[in-house]
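Have a look at the model first, then read on.

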Amino acid sequence: MSQSRKVIVIGAGPAGYVCAIRLAQLGQQVTVVEKEFLGGTCLNVGCIPSKAMIAAGTLVDRIAHASAMGIETTGVRVEIEKLVQWKAGIVARLTGGVGGLLKNHKVEVVMGAASLVDRNTVSVTTKQGTQVLKADDIVLATGSIPIEIPGFKFDEDQVWSSTGALAPKRLPKHLVVIGGGYIGLELGMMYRKLGSEVTVLEATAGALPGQDRDCVKVIERSLKKQGIKLMTEVFAQGFERKGGESHVRVKNKTGEATIVCDQIVSTVGRRPYSAGLALDKAGLAVDAKGFLAVDRQMRTQVANIYAIGDLAGQPMLAHKGSREGLVAAAVIAGKPEKYDVRCVPAVIFTAPEMASVGKLESELDLEKRAYKTGSFPFAASGRAMSLMETDGFVKVVADARTDEVLGVHMVGPEVTELIAEAALAIELGATAEDLARTIHAHPTLPEAMMEAAEAVHGMAVHIFQKPTAGAGPAGH
Ligand code: FAD
Ligand code: NAI
């Protein structure tokens, strides 16, 4: 192994803190500089608090529907202040845990805003004054921030960003969500379950652009069932406050309309964040979208400066950033490592949940690659029935010639958990037949994956598939 190097990691989100811990495990001297909170967006105002609040919404919904199972309840009441406190407790435990891990690994933590002085020097503005730190290597992990659109400046009062929406002081009566992507649908559905009326305004022709359209159809049906109004191909223009209400002006191809609500949340995407870093001082510049270009070793154009996480490109997901952090740490420690993954799973905590990994059919069509698909509906799963969650399906996409699993897309109960098996299959180059031949315990939801893999060959046992000539892989 190479000599211990002095490394500064800027940003303590899931990319930065994971990188710092791995660097320490590999014997490097590490300083983390963080200007706001250990754990970054993900632990403080992103993944964790949103999933906590969504879990609460799901519980309210389950209770509301329990009478079908013969369980009668009366008067479920949501105390929003207590719910927010409970969520804050989870955040505090996790961020405290990150602080403890950094300490145990002897990672120095400096709380302050960092900016580059040159390729080996970082200046940090702390509450106590300015500190100048020197390093052999620097890792930039400053993440991303929500995009603001004209007419909807975030004040976290009348107009929430996702951050405001995760710390409500009261439950909105009518919430207008601008943007029907990941955050808009996760939080919109959560508020609906807690009791708000919800309208989602989406600029494109459907919810969740860029995701598997068959899965999205199930989500769009579910929005309707839940009483959430999804307006597509509309743009919000601005709003006026009148008598304690917000009058949101929206425009589509045919004209303009006004929607009256008492709360707006704008979730139209996030952009990489590098403001204040003075990248130019180290000879660095971002691309047109604000990302820092990196090679497969997470190196920027400047050889001793690395970028990881949301700053380093799409997909802006915590687990992708963490993996990049592990790669950068290994490279800095002199190991022959590179970011070499076949797939990054994506999970969306809507109701029902959606999850996806590998290629979409639309991508394979563009590549002109021949593929086969097999789907299995949760309506045919005994386990799904016992959970009273039969909406959705698992779809396996396999290479038509080699049977290799190229993509798996699913919508339904617990699919955010089920997707891990699909990611492993793709990472290991498994075939649909491999998935089909793996015994899946009964009665469980993952059986749907096994059956979908069988369905690729027209051989699913628990649904009727019209026999086709030559159906079945070699082994059948
Ligand atoms: P961040 O987590 O943004 O961390 C960057 C850190 O750098 C911050 O703490 C910031 O304060 C610090 N920083 C910035 N500039 C400086 C500076 N100059 N000096 C010092 N420190 C600085 N992803 C998922 O995978 N699953 C989910 O379920 C999920 N849910 C989400 C829900 C919401 C509501 C949101 C907003 C995001 C969600 N995401 C989710 C996305 C996920 O949060 C991000 O992909 C992830 O946090 C990116 O990690 P990062 O380490 O690159 O950046
Ligand atoms: P997004 O990109 O997922 O969705 C933004 C949506 O807003 C798109 O559907 C887009 O068409 C729409 N839009 C853009 N401009 C608009 C306008 N002017 N009017 C109406 N609609 C408009 O972005 P989002 O939801 O803000 O999330 C940001 C990122 O955070 C995600 O892309 C994802 O990387 C990450 N995230 C991941 C989660 C997860 O893994 N479960 C959960 C939440 C966020």
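1. Starting with ligand 2: its shell splits into 14 nonpolar, 7 polar and 4 charged residues (Ala, Val, Leu, Ile, Met, Phe, Trp, Tyr, Cys and Pro count as nonpolar, Asp, Glu, Lys and Arg as charged, and the others, Gly among them, as polar). Those 25 surrounding residues include Ile 183, Glu 186, Glu 202, Met 316 and Val 347 as the closest; being near takes a heavy atom within 4 Å.

2. Some housekeeping. Keep in mind that this is a predicted model, with local features needing pLDDT of at least 70 and side-chain atom pairs pLDDT 80 or more, while totals for chains, interfaces and linings use all residues. Residues are numbered from 1 along each chain as its sequence is written, chains are lettered from A and ligands numbered from 1 in the order written, and side-chain values use heavy atoms, leaving out hydrogens and water.

3. Where does ligand 2 sit relative to domain 1 and domain 2? Domain 1 (6–145 + 271–332) and domain 2 (159–268) both give residues to its shell, so ligand 2 lies between them. Helix α6 (residues 182–194) is the top contributor, with 4 residues; helices here are DSSP runs of H or I, at least four residues, and strands are E runs of at least two, numbered from the N terminus.

4. Polar contacts (N or O pairs within 3.5 Å) to ligand 2: a polar side-chain atom of Glu 186 is 2.8 Å from a ligand nitrogen, and a polar backbone atom of Val 347 is 2.6 Å from a nitrogen of ligand 2. A backbone N or O atom of Met 316 lies 2.7 Å from an oxygen of ligand 2. The protein covers 80% of the 840 Å² of accessible area that ligand 2 has on its own (Shrake-Rupley, 1.4 Å probe).

5. Met 316 turns up again at ligand 1, where a polar backbone atom of Met 316 is 3.1 Å from a ligand oxygen. The side chain of Asp 310 puts an N or O atom 2.9 Å from an oxygen of ligand 1. Here the protein covers 94% of the 1,000 Å² that ligand 1 has on its own. Helix α2 gives the most to this shell, with 4 residues.

6. Finally, domain 2 and domain 3 (346–456), with bounds from an automatic or database assignment. Contact (heavy atoms within 4.5 Å) links 17 residues of domain 2 with 18 of domain 3. About 1,400 Å² is buried between domain 2 and domain 3, meaning accessible area (1.4 Å probe) lost on being put together, summed over both. Glu 186, Asp 212 and Cys 215 supply 34% of what domain 2 buries there, more than any other three residues.

Notes: Polar contact = N/O pair within 3.5 Å; in protein donor to acceptor, adjacent residues only side chain to side chain. Buried area = accessible area lost by both parts, 1.4 Å probe.
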